[in-house]
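User: Hi, I'm new to reading structures. Could you walk me through this one, step by step?

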Amino acid sequence: MKFTTFSAFVGPSVVMMLLFIAFPLISVFVQSFQVTQPLYEAVEVETCTPGFLTQTCVIETRNQPVLGEDGKIVTETRWVGLQSYANVLELGRAWDAVSAGSWRALMAIDFWKALRFTLSFTLLTLPAVIALGLALAVAINNAGKRLRGPVIFVSLLPFIITPVIGALSINWLFRGDGILTALMERASGQDISMFAQAWTIEVLMMLYRVWHVAPFAAIVFYAGLQTVSSDSLESALIDGASRWQRMKYIVIPHLMPLILFVGMIHLMDSYRVFEEVVGFSSQGHVISLQWLTYDFLQPDQAGNRSISRASASAMLTMVGIVILLIPPLKRSWRDHRKAH
Amino acid sequence: MAEIQLRNLQKRWGDFVGVEGFDLTIADREFLVLLGPSGCGKTTTMRMIAGLEEVSGGEIRIGDRVVNDLEPKDRDVSMVFQSYALYPNMTVYENIRFPLKVRGVDPASHDEKVMRAADMVELREFLHRRPAELSGGQRQRVALARAIVRQPNVFLMDEPLSNLDAKLRVSTRAQIKNLTHDLKVTTIYVTHDQIEAMTLADRVVVMRKGKVQQVGTPTEIYDRPANAFVASFIGSPAMNLIDGQVAEGTFTADGTAISGLDLPDGPLTLGFRAEDARLAEFATQAEITAPIYTIELLGDAVMISVRIGGALVSVKADKSFRAEIGTPVSIHVPARICHPFDADTGERV
């Protein structure tokens, strides 16, 4: 292909990517090392009482934002290096908590609390999504021809639903005396409140995520199942392999590249968990890293947003994703090398 | 010991008949070849024996057990597929070992058994490779080793040579023959290649459209085909078949008059083999006289073809024979080399 043709095709998307991905990313990266604050000045203000006989005057020193000529608050941007990261990580407090052996103290620090939840959310939902996706795919594959369409449709439904709405509907099923909580209370004869403690909320959030994402995995795996060699399966049947052994030795190795693919997508997605925190209003008990970033961006009473800390937290989230992706990437690279 | 008995075996898919009324007893240690064109039901029959295809009617016995409702793994058969059907993620060693592993054979004996099977097909130096790193012939040998490693009672082979190139096919064919002779296992071998059938088989079953046409040793099938279909399917070139009329012991067709036949008057299809007929020295000896349609050099012989009616009739001549296309030739076809078939049903008369 000629370079001009090539660039005509690729150009627009390169521009878009630079504009909407690369530039914001660099901007966030730079801002995580800077702090932008309003400039304050100390002003001496003399206040006098309206005196008839004697007038009492008090002089006090007050800090107030400097106003520019246009009447707006003047801000100042300072290079603070890793200060924002330190503010987010609170390493001093974290170290104290660790050396005191107090898990509770460590979990009182927002970042570590969010990291704990985000990691457990990601690593617990990952195998569940892959296992359920695989089970669904096998079920679809084994369904009769006439049933297959409806089964695919029904199993795709959770994936189609808007995440926040889906989370909300699960929330309402369990919140207070929601239908399912009521059912569980009747079955167990105990008072159950699913939103009174962190772990039940976490379980609900994970169940929701698995329910929501498994159809995607299932469709990918179902496509993969169509390419399993039927001769190999029949050969294994004659060789004496049970259903489970055929799955283990033939189907799963065949689907391995797809399992890695789904796993990587899921790692990236669930490490940025956010909708569940909103949908289950869990921020009182558990928060995620993405929520932490969002929380930093909320204006405080003076209307200031902690952009620097938010940027630092966003960068830390990205670093976390990259670390999580290293093992699957290494493995798929190895498989790729082996195949060629 | 595994004698296989098929009793009135049938396979139907709705209205479509795959295999119909298959009756056969395959002796222990026999090498049986199922031969026929594609769609004749030979592979279906084998798959029913393997248990990969459900039986619509009739009975399959292996040894003294009826196996109709047994799982494939419980039938003590092993199978070699046309596509090799190897497990791509496993090494050659693991592939061969697989049947032992999934059947829970004592792990201590695996190594020895795998090595013995690998030695039989000369694969020892490739044990650590994966199937993708092997040639077609090597892959087929892995499939063979995997089939023999657990010493089953019955071997099933579904066109195992079809994916190999011509030269490799000949050497692998020889290897299969030698292997089954050594192992003394009942073998059923499916092919559409009549040369494989002739070279390998103790007995051949010729099939067409789900029905058995003839069962016999290669010699019987070659020398005395039961009908015109078998005659036209076996041999290279296939048997010459001429449609004509018999009157007072003489068969006549376009440029053809063969006398001395002990047959009733009426229409007839007459067959003879190219290598049985020969060119006549004198025109007076000739039963067939026609211009040469084509002449092919085979190396050891020259194949001359003429057209009789719509059919091409071939005859083998000495390798030094040369002539121009269009020159008339005289062909000597004595009555004793002729195979008479019913003009309507194709059955041998």
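User: Let's start with chain A. What percentage of its 340 residues count as buried?

Analyst: Keep in mind that this is a predicted model. To count as buried, a residue needs 20 or more other C-beta atoms within 10 Å of its own. In chain A, the share of the 340 residues that gets there is 27%.

User: Is chain A a compact globule or more spread out?

Analyst: Chain A is built from 14 helices and four strands. Its radius of gyration is 28 Å, while the globule rule gives 20 Å for 340 residues. The value for chain A is well over the rule, so the chain is more spread out than a compact globule.

User: What box do its C-alpha atoms fill, roughly?

Analyst: The box is taken along the principal axes of chain A. Its sides come to roughly 115 × 75 × 45 Å.

User: How much of the contact in chain A, at a separation of 6 or more, comes from residues 24 or more positions apart?

Analyst: Start with the contacts in chain A that have a separation of 6 or more.

User: Does S2(A) lie largely in the open or is it buried?

Analyst: Strand S2 of chain A runs over residues 40-48, nine residues in total. The number of buried ones among them is zero, so S2(A) lies largely in the open.

User: How far apart are the C-alpha centres of the two domains of chain A?

Analyst: The domain assignment gives domain 1 as 27-48 + 58-79 and domain 2 as 108-339. Seven residues of domain 1 of chain A are in contact with six of domain 2. Helix H1 (3-31) and strand S1 (34-38) each supply at least two residues of the domain 1 side. The C-alpha centres of the two domains lie apart by 46 Å.

User: And in chain B, how many residues does domain 2 give to the contact with domain 1?

Analyst: In chain B, domain 1 is 4-232 and domain 2 is 237-342, with C-alpha centres 39 Å apart. Domain 1 of chain B puts five residues into the contact. They divide into three nonpolar, two polar and no charged. From domain 2 of chain B, the number is seven.

User: Which element gives the largest share of the side of chain A that touches chain B?

Analyst: Between the chains, 14 residues of chain A are in contact with 16 of chain B. Two elements of chain A give two or more residues to its side: helix H10 (230-239) and helix H11 (243-271). By class, that side has six nonpolar, five polar and three charged residues. The largest share, seven residues, comes from H10(A).

User: What percentage of residues 249-268 of chain A is helix?

Analyst: An unreviewed UniProt entry lists several spans of chain A as "transmembrane region", including 151-174 and 249-268. Residues 151-174 of chain A are 92% helix, with end C-alpha atoms 27 Å apart. For residues 249-268 of chain A the ends lie 28 Å apart, and the helix share is 100%.

User: Which UniProt annotation covers residues 4-234 of chain B?

Analyst: That stretch of chain B is 35% helix and 26% strand, and its end C-alpha atoms are 25 Å apart. The label comes from an unreviewed UniProt entry, and it reads "domain: ABC transporter".

Technical notes. Residues are numbered from 1 along each chain as its sequence is written. Chains are lettered from A and ligands numbered from 1 in the order in which they are written. This is a predicted model: local features need pLDDT of at least 70, side-chain atom pairs count only at pLDDT 80 or more; totals for chains, interfaces and linings use all residues. Two residues are in contact if their C-beta atoms, placed from the backbone, lie within 7 Å. Ala, Val, Leu, Ile, Met, Phe, Trp, Tyr, Cys and Pro count as nonpolar, Asp, Glu, Lys and Arg as charged, and the others, Gly among them, as polar. Domain bounds come from an automatic or database domain assignment. A residue is buried if 20 or more other C-beta atoms lie within 10 Å of its own, exposed if 12 or fewer, and partly exposed in between; C-beta atoms are placed from the backbone. The radius of gyration is taken over C-alpha atoms; the globule rule is 2.2 Å times the number of residues to the power 0.38. UniProt positions are given in the numbering used here, feature names are shortened, and annotations may be inferred rather than shown by experiment.
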